[in-house]
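Visitor: Please pick one stretch of this chain and take me through it closely, along with what surrounds it.

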Amino acid sequence: MNEAPLIGEPLALDLVNTRPTGTDLLDTPEHLANWLALQAARLPELAVAHPTAADLAAVHAVRDHIGSVLDALLHDGRPPADALRALNTAQAAAPAIRQLAWDGNAVTATTRRNGTSAEKLAAVLAEAAIDLFTDPSIGKLRRCEAEDCVLLFLPAHPRRRWCSPDRCGNRVRVARYYQRHKAD
């Protein structure tokens, strides 16, 4: 992978952000495996060590639908009905079923899903999108202000302007410094 994916935003945003300008950071099953490993703490029920082309296609489809909805929300528009329908269908293909068990000391609950690995991946990511779209903070959604960046983020601080202070923030500050001092 040429560029490391930006992580740390809600899972659905992290997924959409795997497609920065002119690049797809999930262009192969191996790159998908790397991204899933980075997200392992948030995806405990998914153990897809060796994603297939079908898994990758399912993730791309969900990513495209999430991106369509987010684009509409960014522009105060109505999300495309087909994108909402596709995300509902993806989630329903492998719904989460919580099962109770006794571990010797307490009752525990484990989440289980039926379906192919592609259906399970798509369902988990569609659920992450549902959580994001219905979160009250979605109204704060922003696109990075760096000229060549398309990544999205939910700012914890109202003055945040870039997807990452280490990526775009630093580049913008360096460029401004250079512009101020190049006439000297």
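Guide: Leu 100 has Ala 109, in strand β2, as its bridge partner. Strands here are DSSP runs of E with at least two residues, helices are runs of H or I with at least four, and both are numbered from the N terminus. The two strands concerned are β1, residues 97-102, and β2, residues 107-112; they run antiparallel and are joined by six bridges (pairing requires at least two bridges found by DSSP). Four residues lie between the strands of this hairpin, and Gly 104 has a positive phi near 105°.

This is a predicted model, in which local features need pLDDT of at least 70 and side-chain atom pairs pLDDT 80 or more, while totals for chains, interfaces and linings use all residues. Residues are numbered from 1 along each chain as its sequence is written, and side-chain values use heavy atoms, without hydrogens and water.

Next comes helix α4. Its 13 residues, 81-93, reach 18 Å from first C-alpha to last, close to the 18 Å expected at 1.5 Å a residue (1.5 Å times one less than the number of residues). Ala 83, Leu 87 and Ala 90 of α4 are buried, while Arg 85 and Thr 89 are exposed on the other side of the helix (buried is under 20% relative accessible area, exposed over 50%, partly exposed in between, with a 1.4 Å probe and protein chains only). Why do the buried residues of α4 line one face of the helix? Seen down the axis of α4, they fall within an arc of 60°, so they line one face (the arc is taken from the directions from the helix axis to the C-beta atoms). Among the elements covering these buried residues are α3 (53-74) and α5 (117-134), where contact means heavy atoms within 4.5 Å.
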